[in-house]
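Here are a few notes to read with the structure open beside you. Take them one at a time and find each place as you go.

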Amino acid sequence: MRKGLLSLGAVAVTAALALAGCSGPSAGSAPGGGATADVNEDGTVNNPESVKTDPDKLVLWSLFSGGDGAWMDKIVEEYNATNPKKQVQSVMLVWADYYTKLTTAVATGNGPDIGISHMSKLPELVAKDVVVPIDDYTSAAGTDWSEYPKASQDGVSFDGQHYAIPLDTHAEIMYFNNDLIQKAGIQLDANGQLPVASSDDLLGILKQLKDSVGADVSPLALPQQGDDPYRVWWATYFQMGGAPLVSSDGTKITMDRATAVKAADFLKGLYDDGYVLPGIEDHQKLFQQGQAAIMFGGTWATGAFEQSDGLSFTPQNFPALFGGSDAAWADSHTLIIPANPKRSDEDTQAAVDFINWVASQGGLTWAGSGQIPANSQVTSNQAYLDMPFRSSYMHEKDVAVLPSSNEHFYALKDTIIKNLDTIWAGQSDSGTAIDNMIAEMGSDLQ
């Protein structure tokens, strides 16, 4: 979900190039001499329809182009090593293009056999018939739905049918650089974590960092636009007691304007007070390079940071800043079967066999990325509990405020981010931006 990091990027590039050249005389060209696959430095492809695919394999389109992509490639390798009826070939798409290309490919009858969907996107894909229900196949695949929390099952169920198998919860958490925190003389708590129980605690630590780490180091790593400040605003809004953004029937905006403004003002203050250096585009890379003391970022960065030479870091839950609530932003990856009337029942069963295996047997490997597996048999496994860091933010799975199940949610999200960005950029005050946001969100529901 983010630009590839150096150590993992090399793996992803290798994997993608290997896939592009695995079954034809001319690496990167489509069967029949079509267009050449356009592979980016991080291993993603711009034109997945041109990647040569093995007709004897199921094709998986994934969107994991950040720190988690290499682990999905590893899971596919592990699955293929089990000698299943059908092996799987993975193609990694550019995250920003993924849903558009998936929807278009399905509409033209050229979609992949297996795909990934955020739980927040799934209602739209179901409404547009991009995915198919899987209950006719899960029993034969051995799916044990009791191993998945009710909230996860609810998120993939529509009209009494399952349309996906939950893979994980991925949340916005807090990381800190151990060396820079020590340099600033900040004392950790008994659990080795930053003692942040209020906004004043956080601001005090940031000020201490600003006074000690040097002008070239950002006390807090956070971009000036896009998803991450939106996720911090989301956590802040709900920690302040904000109401659900949309009514339960999905027809009316119910966002609490005053709280939305207050949350935006708090976050804007972090920028204005110089706790975030200006011009940050890739805050994960900045933190990885040791140029940031604290980072608000996704769980998927954990595995990548662990492979970063010279980086000493600690992850922890997103802090409770207001009144004790520890609400956080999160979403969930799910495994889906895109619609394809040309696919045989046998291949659909083989595809469901794969996604069931990934979410259950592959869950421990997936945890290496830093994501929190959805399957309870994985998270209760001692091998998972023994992994460093993971237990320190498992709590997010229970307290995260997930997006509402609404087929318009991605349009709503785009509207929210667009208007919040005007605040961070100083182009609008919080009140005006939130008013515009609420008005546009109402139009999104039409």
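1. First, a term for later: two parts are in contact when heavy atoms lie within 4.5 Å. Angles between axes run from 0 to 180 degrees between N-to-C directions, the axes being lines fitted to C-alpha atoms. Please also keep in mind that this is a predicted model.

2. Now to the helix that needs those terms. Helix α3, residues 98-107, lies across β3 and β12. Its direction makes an angle of about 125 degrees with β3.

3. In what order do the three strands of the open sheet come? The order is β3-β12-β6, with antiparallel pairing. β3 and β6 (165-166) are the edge strands, and each has a single partner, so one side of each has no neighbour in the sheet.

4. Look next at how β12 (residues 333-336) is held on its two sides. Four bridges join β12 to β3, and two bridges join β12 to β6.

5. Which way do the residues of β3 (115-118) point? Gly115 and Ser117 point one way, while Ile116 and His118 point the other way. In a regular strand, side chains alternate between the two faces of the sheet. All four of these β3 residues are buried.

6. Asp159 has a phi of about 50 degrees, and Phe389 has one of about 80 degrees. Asp159 sits in the loop between β4 (157-158) and β5 (161-162), and is exposed, with a relative accessible area of 82%. Phe389 belongs to the loop between α16 (382-385) and α17 (396-399); at 27% relative accessible area, Phe389 is partly exposed.

7. Step back to the whole chain. The domain assignment gives domain 1 as 48-170 + 332-401 and domain 2 as 173-328 + 404-445. Their centres, taken over C-alpha atoms, are 28 Å apart. Between them, 28 residues of domain 1 touch 26 residues of domain 2.

8. How much area is buried between domain 1 and domain 2? It is about 2200 Å², and carbon and sulfur atoms give 56% of it. Phe389 returns here: together with Glu396 and Val401, Phe389 supplies 26% of the area that domain 1 buries against domain 2, more than any other three residues.

9. One salt bridge is found across the interface of domain 1 and domain 2.

Definitions and conventions. Residues numbered from 1 in each chain as written. Predicted model: local features only at pLDDT ≥ 70, side-chain atom pairs only at ≥ 80, totals over all residues. Heavy atoms only, no water. Buried < 20%, exposed > 50% of the residue type's maximum accessible area, 1.4 Å probe, protein only. Pairing = 2+ DSSP bridges. Domains from an automatic or database assignment. Buried area = accessible area lost by both parts, 1.4 Å probe. Salt bridge = Lys/Arg side-chain N within 4 Å of Asp/Glu carboxyl O.
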